[in-house]
Structures are given as C-alpha cells and as structure tokens.
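Reader: Hi! Could you walk me through this one? I'd like to start with the strands.

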Amino acid sequence: MKQTKGIWKVIGASSLGTLIEWYDFYIFGSLATVLANQFFPKTNPTAALLSTLATFAAGFIVRPFGALVFGRLGDMIGRKYTFLLTLVLMGGSTFAIGLVPSYETIGFAAPILVLLLRLVQGLALGGEYGGAATYVAEHSPAHRRGFFTSWIQTTATLGLFVSLGVILLTRHSLDADQAKSIAKFNDWGWRIPFLVSIVLVVVSIYIRLKMKESPLFEKLKTSGTRSVNPLKESFGHRSNLKMVLLALFGATMGQGVVWYTGQFYAQSFIENVCKIDFDQSRTILIWAILFGTPFFVVFGSWSDKVGRKWIMLAGMLLAIVSYQFLFKQLLTLSEHTNKTAITDLKQIKTTRTPVAGMADTVRTVVVKKFYEDGMTVTETTKDTVYAAVGKTTLKPDVKISKTVGKGDYWKMVFIIFIMIVYVTMVYGPIAAFLVELFPTKIRYTSMSLPYHIGNGVFGGLTPFVATLLTTIYTNDKLAGLMYPIIVAAVCLVIGALYISNRIDPEVND
C-alpha cells in the first residue's frame with residue numbers, strides 16, 4: 001500500500017489548477033444570457049441565447065478529441081507536463097475571449113472568434129481532467145482512492161461556484177447605483193471575469209512546475225514498459241475497448257446529464273423559464289453548491305467501502321424519478337398569479353428615448369408589482385412610437401423579472417441542493433471508478449475518452465438540447481427534462497446489467 005506522505009500537497013496542487021480550468025470553462029455558461037447580446041444579433045433574443053448555448057456546447061463536443069491528443073501525450077511523456085500544457089491553453093483562450101470585440105463592432109467575426117477560442121478551451125479541458133484524476137489516483141493508497149480522488153471531483157462544482165461569485169462581485173462593484181452597475185456589466189464589465197483568470201493561471205502554473213511525476217508512471221518509465229502507442233492499445237484491443245464502452249454507456253453518460261441538469265440547466269431554467277432575476281438565480285445556485293459540495297467526499301469515501309457502482313447508479317435513479325417533481329416545484333414557487341398583490345405599492349415608470357437621427361421615440365414602461373409573501377415582479381415593455389403615423393406599429397418587447405420572497409428563496413435553494421446531492425453521488429466516486437478500470441500504461445488515454453464523451457457530448461449538450469425542446473414543445477415548460485431522463489435511464493440499465501461492483505482497486509496498478 002502506498003504511503004500517504006505528501007498526498008495533500010499533491011491534491012492541493014492538482015485541485016487548484018483543475019479548479020481554475022473549470023472556472024475558465026464555465027464562466028462562459030454562467031454568462032450565457034449576457035454573451036448572447038454581445039456576440040450575436042439582438043433581433044431574436046431566443047435565437048441568440050440558443051446560439052450562445054450551442055457555442056458553449058461546442059467546447060464540450062471537442063473535449064473527446066482533447067482526451068485523445070493529451071491522453072496519448074500523458075501516457076507517453078508523463079502526467080505532469082501534459083496537464084501543465086492544458087492549463088496554459090485554457091488560460092490563454094479564456095483571457096482572449098475577454099478581448100474579443102462585440103458583434104456590433106466586427107460583425108460575424110465576433111461569434112466565429114469566440115467559437116474558435118471555445119474549441120481551444122474544450123481541447124484543453126479534454127486533457128486536464130484525466131491527467132489530474134490519474135495523477136492523484138496514482139499517488140493514493142489503493143483502498144482509499146475513492147476518498148482522495150473525490151477532492152479532485154469537487155473542483156468542477158467549485159469552479160462553477162467561483163465563476164458565479166466573481167460574476168456577482170464584479171457586477172455589484174461597478175457602480176453604487178444598481179441600474180447603472182447592471183448596464184456597465186452588460187456593456188463591458190462581463191469581460192473582467194475572463195481577464196482576471198490569467199492571474200489565477202500564472203499562480204497555478206508556478207505551483208505545478210514544482211510538482212513531481214506520478215510514482216506509477218515513473219516506475220513504467222524506469223522499467224521501459226511505457227506504452228508506445230496508447231491509442232492502439234486503448235481502442236485496438238477488444239478487451240480494453242469493451243471496458244471503454246462500458247465506462248461510457250454504463251457510467252459517464254448518465255453521470256454527465258445528471259451533473260449538467262442539476263447545475264447548469266437548473267440555473268438556466270430558474271432564470272429563463274421561472275424568470276427569476278440575475279442575482280437571485282445565481283445566489284440560489286451558490287448556496288446549494290456550498291451546502292452540497294462536501295457530499296463529493298462523503299460518497300467518494302463511502303465508495304471505498306461498498307464499491308463505486310451502486311452509489312453512482314442510485315444517483316441516476318433518484319434523478320430519473322424526481323426531476324419532473326423538483327422542477328415543477330421551482331415553477332410553482334416562481335408563479336405570481338396565485339399570490340396576493342399589494343396594490344398600494346404598485347410602481348409604474350415611463351420613459352421616452354429619441355431614436356438617433358429620427359423623430360421616432362422608444363417608449364419604455366416599467367411596471368413593478370409587490371406581493372404579500374415578499375415577491376416582486378417587474379415587467380418592462382419597450383416599443384417604438386413612430387412620429388409619422390403617431391402610433392406604435394411593431395410588436396412590443398416585453399421582459400419579466402421576478403424576485404421571490406425569503407421563504408420561497410430558501411425552498412428553491414433546498415430543491416437545487418437535492419439535485420446537487422444527486423450530482424455528488426454520480427460524480428464523487430467516478431474518478432476512482434475510471435482509474436481502476438484501466439492499466440497504468442494506457443490509463444490517461446483510456447479513462448479520458450469515455451469521461452469526456454459522457455460529460456462533454458451527452459452532459460454538455462444538456463442545456464442546449466433541453467432549452468431547444470422547450471421551444472419545440474412550447475406548452476410544456478418541463479419538456480427539456482426528457483433528454484436527461486432518457487439518457488440517464490439508458491445508462492442506468494446498462495450499468496446495472498454489465499458493470500462490476502468489485503472492490504479490488506489494486507488489480508490494474
């Protein structure tokens with residue numbers, strides 16, 4: 001059994017870099033609604049949001065290619081220098097997104113540049129996770145591998161947590177006046193979270209340069225038994241290919257959709273379907289993440305005792321049977337038509353802004369209603385008054401933003417917390433599960449591909465596909481849940497029938 005001396009230093013150095021990479025990767029999704037207005041035409045907000053989510057998803061789709069490229073490098077030259085390279089690529093592309101001019105400035109070149117940088121991010125992340133998980137696992141005692149690798153598992157959710165926190169901090173620090181602060185953030189302040197990431201990346205690079213290579217890889221290197229063709233050995237041998245496919249369709253596919261439904265689609269649903277305002281939709285998720293994150297370690301550690309399989313499959317099963325109910329509760333809590341309004345506090349504000357170079361004006365009417373349970377509903381209507389005919393001739397643009405009362409706010413936090421507990425069940429043990437499936441000399445390559453197809457393709461597409469489904473089935477606000485439920489159900493069946501729950505972690509060391 002390996003000694004645990006120095007393991008916390010290994011975990012700390014690996015986790016910091018991985019957390020920063022997840023922050024860089026997810027800052028894009030956390031700002032989807034803002035970026036939609038920056039990099040796509042504003043004439044169709046729904047199309048712009050879908051285009052942004054598709055660009056977000058593109059980063060996930062290329063992650064398997066990153067897994068192949070960097071997995072091969074990791075199995076040939078080592079874990080340390082490979083995921084050092086991925087950190088540089090991720091940090092550089094994130095910083096560059098913060099510098100890309102808007103659509104109004106350079107036209108379609110803006111979304112094209114963002115898409116290319118997003119693809120670089122995806123390639124980098126495709127190599128990062130497998131390297132970090134493998135590196136920590138190969139420093140860990142075999143029978144505590146679930147516990148130690150679960151700390152790496154927290155970094156994805158904590159990266160999202162940090163991205164949300166930086167966004168809110170930036171937004172509220174731009175101006176003392178809330179309306180001006182929001183306007184500045186939507187105009188240029190959104191760039192700050194992208195640009196500051198370069199400082200975090202430099203710190204992490206410095207730390208990682210001081211790290212030593214994995215002892216198991218050093219053993220292979222010394223004995224001359226490193227793989228000369230990791231891709232061929234991983235996918236050209238029938239027995240290993242079978243394990244790759246089982247890992248994908250029996251574990252990571254379902255884990256991926258549960259992860260992204262419980263966090264990204266939940267946030268998108270609260271903001272775009274429930275119409276909860278920007279700040280509340282994000283602080284709800286922040287609190288739920290804060291309460292839920294320790295369970296990654298709980299379930300990772302537990303998996304050392306009872307096995308990885310059934311903990312992960314139980315998380316999928318709970319998600320399948322309860323998602324419809326949980327999301328319906330979010331809708332009910334955000335609905336204002338069944339609440340009692342305080343009519344004396346109703347506020348109406350009308351402003352008229354001249355259209356540059358024309359006699360026409362844009363009329364904005366803001367109606368703010370207050371309810372006895374603490375909810376407020378703000379309805380903003382914009383239309384153009386044409387001077388030539390003396391009336392409006394276009395369909396007005398109507399936007400609704402809500403804030404829920406204290407009681408309903410914490411109920412929403414609890415609902416999202418439940419979903420994040422499901423995330424910790426499927427995600428906490430999976431690094432140890434994947435590491436133990438494959439032999440050391442092709443581990444980086446073999447585990448990275450099913451992980452990034454499951455998470456990158458099936459999981460990463462969740463916000464886009466779910467949102468798209470709600471635009472097709474417009475009468476059913478829960479239609480988007482069909483995608484994660486079906487994918488998780490297929491994975492549950494395959495995993496239950498064909499994946500072993502063996503607790504013999506030293507078999508491939």
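Author: Happy to. Strand E2 (residues 361-370) and strand E3 (residues 376-386) run antiparallel and are joined by ten bridges. Strands here are DSSP runs of at least two residues (E), helices are runs of at least four (H or I), and both are numbered from the N terminus; two strands pair if DSSP finds at least two bridges between them. This is a predicted model, where local features need pLDDT of at least 70, side-chain atom pairs count only at pLDDT 80 or more, and totals for chains, interfaces and linings use all residues. Residues are numbered from 1 along each chain as its sequence is written, and side-chain values use heavy atoms, leaving out hydrogens and water.

Reader: Which residue stands opposite Thr 364?

Author: That is Lys 382 in E3. Lys 382 also has a bridge partner in E5, Asp 397. E3 and strand E5 (residues 397-403) pair in the antiparallel sense over seven bridges.

Reader: And what phi does Gly 374 take in the hairpin of E2 and E3?

Author: A positive one, near 100°; the hairpin has five residues between the strands.

Reader: Switching topic: where is Lys 275?

Author: Lys 275 sits in the loop between helix H14 (238-273) and helix H15 (278-292). Its phi is near 65°, positive in a residue other than glycine. Most residues other than glycine have a negative phi.

Reader: What do the buried residues of H22 pack against?

Author: They pack against H14, helix H17 (309-334), helix H20 (443-459) and helix H21 (462-472). Buried means under 20% relative accessible area, with a 1.4 Å probe and protein chains only. Among these buried residues are Tyr 483, Cys 491 and Gly 495.

Notes: Buried means under 20% relative accessible area, exposed over 50%, partly exposed in between (1.4 Å probe, protein chains only). Contact means heavy atoms within 4.5 Å.
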